[in-house]
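Take a look at the sequence and the 3D structure below. Then read the short report.

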Amino acid sequence: MVATILSSMKSKTNIVGFMDILKFWYCQKYIRTTVKMRIVGLTGGISSGKSTISNLFKSHGVPIVDADLVARDVLKKGTGGWKKVVAAFGHEILLDNTGEVNRPLLGQIVFSDPSKRQLLNRLLAPYISKGILLEVLKLWIKGYSVIVLDIPLLFEAKLDKWTKPIIVVWVDSETQLQRLVARDEISEEQARNRINAQMELDSKREKADIVIDNSGSLVETKVEFEKVLSQVMKPLTWTEFGLSRQGVISVFLSVAVGVYACRNFNNSANVR
């Protein structure tokens with residue numbers, strides 16, 4: 001990028017002022033060393049402990065974009081997502097007293113029928129993606145250096161390509177099953193249906209940049225998290241900087257300065 005901008009500053013005689021090169025070099029060095037921004041993907045499986053890791057990030061001041069919260073918002077009464085879901089599944093899924101979607105009932109329907117689950121995903125995916133993008137944009141405008149996207153279906157929704165690194169919270173299958181049974185007070189069969197409705201944790205683990213093994217105690221998980229936090233907060237690459245608000249502004253300013261310098265050089269050449 002620096003070479004391109006410098007090329008645009010050349011006059012008709014192909015002479016670039018030494019002070020202009022020096023200014024650009026200093027500007028780019030300053031940006032690289034002071035501006036930081038990273039979009040981290042956080043995912044896992046149902047009852048794998050992803051929320052625990054998400055809360056640990058929050059406790060360290062790292063902003064979280066929670067896809068589950070976004071999904072709740074897009075299903076609120078009267079929204080576009082609510083209208084689509086009601087039209088597809090009928091008014092039977094609504095609570096009598098409020099008209100809101102009966103989430104437990106809808107969950108039972110889609111977890112027991114793969115075709116209905118796929119239908120629900122297709123209906124809500126555009127609204128959820130838009131909501132996530134809006135939340136990221138808000139944080140981007142505020143200039144946060146690190147953003148964590150907490151998305152259970154990170155790989156399934158093809159959102160992994162927008163995040164780096166990707167963190168997968170993993171547990172062994174038996175621990176996952178028992179935790180889900182205890183947490184939701186459901187039968188093992190119901191728990192297996194919900195687990196099988198998602199991409200296998202082992203498959204997600206293979207796609208991860210960082211894996212947090214949450215099979216042990218909370219103390220052990222916190223020890224692992226501290227190591228992960230240090231990786232997430234390490235110095236950023238130029239590509240990550242380019243995604244930041246400051247990066248976009250800096251690129252704009254660099255181009256503007258380049259155009260201005262080029263115009264001045266051309267004007268000087270014409271005067272001569």
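## The model

This is a predicted model: local features need pLDDT of at least 70, side-chain atom pairs count only at pLDDT 80 or more, and totals for chains, interfaces and linings use all residues. Residues are numbered from 1 along each chain as its sequence is written, and side-chain values use heavy atoms, leaving out hydrogens and water.

## The whole chain

The chain has 13 helices and five strands. Helices (H or I, at least four residues) and strands (E, at least two) are DSSP runs, numbered from the N terminus. Of the 272 residues, 39% count as buried, meaning under 20% relative accessible area with a 1.4 Å probe, protein chains only.

## Helix 5 and helix 7

Helix 5 spans residues 80-89 and helix 7 spans residues 114-142. Their axes (lines fitted to C-alpha atoms over the stretch in contact) come within 9 Å and cross at roughly 160 degrees. Angles run from 0 to 180 degrees between N-to-C directions. The two helices are therefore roughly antiparallel, a term for angles over 145 degrees.

Which residues of helix 5 meet helix 7? They are Gly80, Gly81, Lys84, Val85, Ala88 and Phe89. On helix 7, the partners include Lys116, Leu119 and Tyr127. Contact means heavy atoms within 4.5 Å.

## Strand 4 and strand 5

Strand 4 (residues 166-170) pairs with strand 5 in the parallel sense, over four bridges. Strands pair if DSSP finds at least two bridges between them. Val168 has Val211 in strand 5 as its bridge partner.

Conventions. Angles under 35 degrees count as roughly parallel, over 145 as roughly antiparallel, 65 to 115 as roughly perpendicular and the rest as oblique. Buried means under 20% relative accessible area, exposed over 50%, partly exposed in between (1.4 Å probe, protein chains only).
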